[in-house]
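Student: I would like to learn how to read a sheet and a nonpolar core from coordinates. Could you take me through an example?

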Amino acid sequence: MRFVAKQPQEGINVSATHPLVEASALIVGLTAIFAGFVVLLVFLVEVALYFVSVEDEASLFEDWLPNDLITVAHTDDRLQETQRLVDQLARHWPESPYPFRVEIDESEDANAMALPGGLIIVTTGLLDQVESENELAFVLGHELGHFRNRDHLRALGRGVVLSIFVTAVTGGDVAGIGINIADLTLRSFGRKQETAADEFGLGIVYAEYGHVNEAWRLFERWKSMDDAQAELLTYLSTHPDTRNRIDDLKIFARETGWSESGAFTPLDW
Ligand SMILES: [Zn+2]
């Protein structure tokens with residue numbers, strides 16, 4: 001008998017469902033899986049932070065400095081004055097568990113950062129720009145706000161937060177985690193975190209001076225800078241748009257009834 005090969009039926013490899021429907025089902029499925037992973041990672045960081053108390057964090061990072069920090073001499077006037085100002089401002093947050101430590105980074109990029117264990121880093125580039133103590137007080141008060149919400153740890157990235165957790169649990173040395181300023185300078189917080197830090201910072205300024213005059217004057221000067229000048233202001237790229245920020249601060253000050261007029265305190269340097 002001769003074998004006669006049957007022709008396969010037409011369309012045997014074509015699904016009855018429209019290809020666009022199948023493609024979208026695939027995209028939706030993959031997106032859902034990806035979103036699930038992201039939620040899980042965020043949750044893991046929150047769990048890790050829950051188990052590393054602020055007190056543990058403060059003692060683990062007591063003498064720690066980022067690996068690549070170029071600090072100024074401890075006798076530097078600006079360092080001593082900034083430390084004094086932070087200590088003075090922190091009295092308005094009496095329940096703070098952090099012993100705040102200031103270091104100045106020799107960098108022409110204007111920036112301010114909150115780091116583990118209560119370490120606040122300001123750059124020489126930022127200090128060159130401030131013209132009154134009140135302006136500096138708001139920048140520092142804002143960083144204190146990040147400590148209050150522990151944003152500073154979340155900004156380190158998941159990998160580092162999980163390493164801190166492991167170090168806290170095993171009693172290891174935080175020097176091995178490898179935190180570099182260079183990796184952190186461009187990290188920014190979410191809009192909500194920034195607003196909360198701004199409101200907290202403004203409250204600290206009000207508590208210290210009895211008014212909020214000059215609190216955002218630094219940003220007003222920055223707003224009118226040209227692009228070339230603004231390029232050295234890393235602070236601007238890691239914080240909300242200056243125009244919106246000033247408007248929000250003004251509205252907040254008006255709503256809370258904090259006066260925008262009052263004598264400002266000159267800098268001691
Ligand atoms: Zn901030």
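Tutor: We shall go through the sheet, then the helices on it, then the cores. This is a predicted model, in which local features need pLDDT of at least 70 and side-chain atom pairs count only at pLDDT 80 or more, while totals for chains, interfaces and linings use all residues. Residues are numbered from 1 along each chain as its sequence is written, and side-chain values use heavy atoms, with hydrogens and water left out.

Student: What is the order of the strands in the open sheet?

Tutor: Strands of a sheet pair through backbone hydrogen bonds, either parallel or antiparallel. Here three strands follow the order β1-β3-β2 with mixed pairing, where strands are DSSP E runs of at least two residues, helices H or I runs of at least four, both numbered from the N terminus, and pairing requires at least two DSSP bridges. β1 and β3 (residues 119-123) are parallel over five bridges, and Val102 stands opposite Ile120 in β3.

Student: Which strands does helix α3 lie across?

Tutor: Helix α3 (residues 77-90) lies across β1 and β3, at about 145° to β1; axes are lines fitted to C-alpha atoms, for helices over the stretch in contact, and angles run from 0 to 180 degrees between N-to-C directions. Contact means heavy atoms within 4.5 Å.

Student: How many residues has the largest nonpolar core?

Tutor: A nonpolar core joins buried Ala, Val, Leu, Ile, Met, Phe, Trp, Tyr and Cys residues through side-chain atoms within 4.5 Å, buried being under 20% relative accessible area (1.4 Å probe, protein chains only). The largest has 46 residues, with Phe100 and Leu144 among those with the most contacts inside it; helix α5 (residues 133-148) gives the largest share, seven residues.

Definitions and conventions
Buried < 20%, exposed > 50% of the residue type's maximum accessible area, 1.4 Å probe, protein only.
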